[in-house]
Amino acid sequence: MAVDTFVDQQSVTNPNDCAHLEPIIREIQQSIDADSVIGWHDMPADRQQSLIDAIYCRHVAATCHKILERSTTLSELVRSGRVKVVGAMYDVHTGRIDFFK
């Protein structure tokens, strides 16, 4: 949904009336490289999935960075080695969780 609405320059449709869906989609869209999705609708499904995975990985990394940027407490705890902020991706099809370094 994030990529399709970005490519087609459409507003987010919200069939489930989720109050937070549009801001989440807009946040993810900030991780899309516009040049990488040129010809999106003509791409094979495996290429689209590869790009979606890359977009979501960039989004997770950006979110981890924002957490540390916005929280001086967490930033200090990370610097002191007491905690880590670790991004992860959950694959709903396989149940696998990939943790980022």
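Biologist: Which residues make the nonpolar surface patch?

Modeller: Patches take residues with over 30% relative accessible area and no salt bridge, joining nonpolar side chains (Val, Leu, Ile, Met, Phe, Trp, Tyr) within 5 Å and like charges within 9 Å. A salt bridge is a Lys or Arg side-chain nitrogen within 4 Å of an Asp or Glu carboxyl oxygen. Here Val86, Tyr90, Val92, Ile97 and Phe99 make a patch of about 550 Å², with areas from the Shrake-Rupley method and a 1.4 Å probe, only the protein chains shown counting as cover. This is a predicted model: local features need pLDDT of at least 70, side-chain atom pairs 80 or more, while totals for chains, interfaces and linings use all residues. Numbering runs from 1 along each chain as its sequence is written, and side-chain values use heavy atoms, without hydrogens or water.

Biologist: Is Phe99 buried or exposed?

Modeller: Buried means under 20% relative accessible area, exposed over 50%, partly exposed in between. Phe99 counts as exposed because its relative accessibility is 60%. Phe99 lies in strand S2 (residues 97-99); strands (E, at least two residues) and helices (H or I, at least four) are DSSP runs numbered from the N terminus.

Biologist: Which residues of helix H2 are buried?

Modeller: In H2 (residues 21-29), they are Ile25, Ile28 and Gln29. They share one side of H2 because their arc around the axis is only 100°, taken from the axis-to-C-beta directions. The buried residues of H2 pack against helices H1 (2-7) and H3 (45-70), where contact means heavy atoms within 4.5 Å.

Note on methods
Buried < 20%, exposed > 50% of the residue type's maximum accessible area, 1.4 Å probe, protein only.
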